[in-house]
Amino acid sequence: TEILPINELPISIDWLVSDRSGRVAINDLVVEGISMAITQREVIGGMIEARSGDLDRVIDDLRARSAGG
């Protein structure tokens, strides 16, 4: 897909889709060559590391972020 913002450069998005599970699912989006799945794994991994492996703290922080806090 190519997004064409007004007065800006186009943005290229590749959709990685699979139907191996019997239904179509999006596995990843690659935006301008950057995998969103890999980026998300790195961010979550960094959060876990910064909290010394305390998954409860990670979950609490993710909930606070999603609530806008």
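Mentor: Let's start with the overall layout and then move to single residues.

Trainee: Before that, what kind of model is this?
Mentor: It's a predicted model, so read every value here as computed from that prediction.

Trainee: OK. What secondary structure does the protein chain have?
Mentor: The protein chain has two helices and four strands. Along the sequence the pattern reads β-β-β-β-α-α.

Trainee: And is the protein chain a compact globule or more spread out?
Mentor: More spread out. The radius of gyration is 16 Å, while the globule rule gives 11 Å for 69 residues, so the protein chain is more spread out than a compact globule. Its C-alpha atoms fill a box of roughly 40 × 40 × 20 Å along the principal axes.

Trainee: How much of the chain is buried?
Mentor: Buried residues make up 13% of the 69. The protein chain exposes about 5700 Å², with carbon and sulfur atoms supplying 55% of that area.

Trainee: What about contacts between residues at least 24 apart in sequence?
Mentor: Among contacts between residues at least 6 apart, 0% join residues at least 24 apart.

Trainee: Switching to the strands: what order do they take in the sheet?
Mentor: The order is β1-β2-β3-β4, in an open sheet with antiparallel pairing. β1 (2-3) and β4 (34-35) stand at the edges with a single partner strand each, so one side of each has no neighbour in the sheet.

Trainee: What actually holds paired strands together in general?
Mentor: Strands of a sheet pair through backbone hydrogen bonds, either parallel or antiparallel.

Trainee: How many bridges are there between β2 and β3?
Mentor: Six, linking residues 11-18 of β2 with residues 25-31 of β3 in the antiparallel sense. Asp14 has Val30 as its bridge partner in β3, and Ser18 has Ala25.

Trainee: And what sits between those two strands?
Mentor: β2 and β3 form a hairpin with six residues between them. Gly22, in the turn, has a positive phi of about 100 degrees.

Trainee: How many bridges join β1 to β2?
Mentor: Two, and those strands also run antiparallel. Glu2 lies in β1, and its bridge partner in β2 is Ser12.

Trainee: Is Glu2 buried or exposed?
Mentor: Glu2 is exposed, with a relative accessible area of 51%. The cut-off for exposed is over 50%.

Trainee: Which residues does Glu2 touch, leaving out those up to four places away in sequence?
Mentor: Glu2 touches Pro10 and Ile11.

Trainee: How far is Glu2 from Ser18, going by C-alpha atoms?
Mentor: Those C-alpha atoms are separated by 20 Å, with the two residues 16 apart along the chain.

Trainee: New topic: which loop holds Asn7?
Mentor: Asn7 is in the loop between β1 and β2. Asn7 has a positive phi of about 60 degrees, although it is not a glycine. At 79% relative accessibility, Asn7 counts as exposed.

Trainee: And what's the phi of Glu32?
Mentor: Glu32 has a positive phi of about 50 degrees, and it isn't a glycine either. Glu32 is found in the loop between β3 and β4, and at 47% relative accessibility it counts as partly exposed.

Trainee: Last one: how many positive and negative charges does the protein chain have?
Mentor: There are 7 positive and 12 negative charges, and their mean positions are 8 Å apart.

Technical notes
Residues numbered from 1 in each chain as written. Predicted model: local features only at pLDDT ≥ 70, side-chain atom pairs only at ≥ 80, totals over all residues. Heavy atoms only, no water. Rg over C-alpha atoms; globule rule 2.2 N^0.38 Å. Buried < 20%, exposed > 50% of the residue type's maximum accessible area, 1.4 Å probe, protein only. Contact = heavy atoms within 4.5 Å. Areas by Shrake-Rupley, 256 points an atom, 1.4 Å probe, with all protein chains shown as cover. Lys, Arg positive; Asp, Glu negative; His and termini not counted. Charge placed at Lys NZ, Arg CZ, Asp CG, Glu CD. Pairing = 2+ DSSP bridges.
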